[in-house]
Amino acid sequence: MRLDPPFVAQGETVLVRVNGAAGGTVTTAAGGKVPLLPSATGAWAVLGVGLYVPLGNATITVTGTDEAGASLGAVSARYTVVDPARPADYLVTTEETAAILTPEAGATETRLRGEQFASFDATPRWRTAFRHPVLGFEVSTQFGSGRSINGGPVGDFHSGEDLAVDEGVNVTAAAPGRVSWVGAMPIRGNSVIVDHGGGVKTGYHHLLDTAVVVGQQVEGGALLGHVGSTGFSTGPHLHWELTIFGVNVDPETWTTRTFPH
Ligand SMILES: [Zn+2]
């Protein structure tokens, strides 16, 4: 079994390869189970290392299976979680915007996230690095920044990357996939989720409008909607997320690196 990279920052992606296996299961450091998928060179998975996981050594266990589905036994491997030293972001909003962040809105958001990550398409659809979903953007808040709202304590980490761009600009799919969720969320606003297979999904949030329906197959670059400022937002931008089995990781990494399968 090979883990790449062996040292990985909180909020980043690890590639797992098991030569000689046709499938199997990965038990993650947190105890979750994700499928190992067949690939040309053996079995394969990508794992998201969460923003909140402890620093230091993490152990995963892989049970590979052969083509007939028989177990090849369990092997363990270790990677080291390192501190990415991400910046803090001191957000100032109007009272009207701050009023969106109620406990009820948080509960609804959590329930909708549960729906969005209840199932995953198996077969990975990407062939190359992902593309940015808007053109002509400036990164206004990095993924994983600590967040203080209106002078409050630095609390949650930012779950996506904010791409600031004018309202109405086209938002396009970062890679091929299937539209798995379309709707309004109290905090993330009008949203589209695309399932790229292999546990990987991208989310497009605060949209002005949406241009796709659930179940639609899209190529990379296909129009999903337009940039807006719906939900908890201080101005037009795209809040772009990339999740692996529901764990948020830095989408920017996926634009510079190809995770082969
Ligand atoms: Zn954001």
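Mentor: Helices (H or I, at least four residues) and strands (E, at least two) are themselves DSSP runs, numbered from the N terminus. Keep in mind that this is a predicted model, where local features need pLDDT of at least 70, side-chain atom pairs count only at pLDDT 80 or more, and totals for chains, interfaces and linings use all residues. Residue numbers start from 1 along each chain as its sequence is written.

First, the setting. The protein has 3 helices and 20 strands, and its C-alpha atoms fill a box of roughly 60 × 40 × 35 Å along the principal axes. It splits into domain 1 (2–82) and domain 2 (88–256), with bounds that come from an automatic or database domain assignment. Your part is domain 1, and the C-alpha centres of the two domains are 26 Å apart.

Now the sheet. Here 8 strands make an open sheet with mixed pairing, in the order β1-β3-β6-β5-β4-β7-β8-β2. At the edges sit β1 (2–4) and β2 (7–9), each pairing on one side only. On average, neighbouring strands are turned by 30° against each other, direction ignored; the axes behind that angle are lines fitted to C-alpha atoms (for helices over the stretch in contact), and angles run from 0 to 180 degrees between N-to-C directions.

β2 runs parallel to strand β8 (residues 71–82), with 3 bridges joining them, and Val 8 has Val 81 of β8 as its bridge partner. On to strand β7 (residues 56–65): this one is antiparallel to β8, over 9 bridges, and Thr 65 is bridged to Ser 71. The hairpin of β7 and β8 has 5 residues between the strands, and there Gly 69 takes a positive phi near 90°.

Val 14, for instance, has Leu 47 as its bridge partner in β6.

Val 46 counts as buried because 21 other C-beta atoms lie within 10 Å; the cut-offs are 20 or more for buried, 12 or fewer for exposed, and partly exposed in between, with C-beta atoms placed from the backbone. Leaving out residues up to four places away in sequence, Val 46 touches Thr 13, Leu 15, Gly 198, Gly 199, Val 200, Ile 244 and Phe 259. Touching, or contact, means that backbone-placed C-beta atoms lie within 7 Å.

And the meeting of the domains? The centres are 26 Å apart, and the contact takes 10 residues from domain 1 and 15 residues from domain 2. On the domain 1 side, β5 (33–39) and β6 (42–48) each supply at least two residues, and β6 gives the most, with 3 residues.

Notes. Contact = placed C-beta atoms within 7 Å. Pairing = 2+ DSSP bridges.
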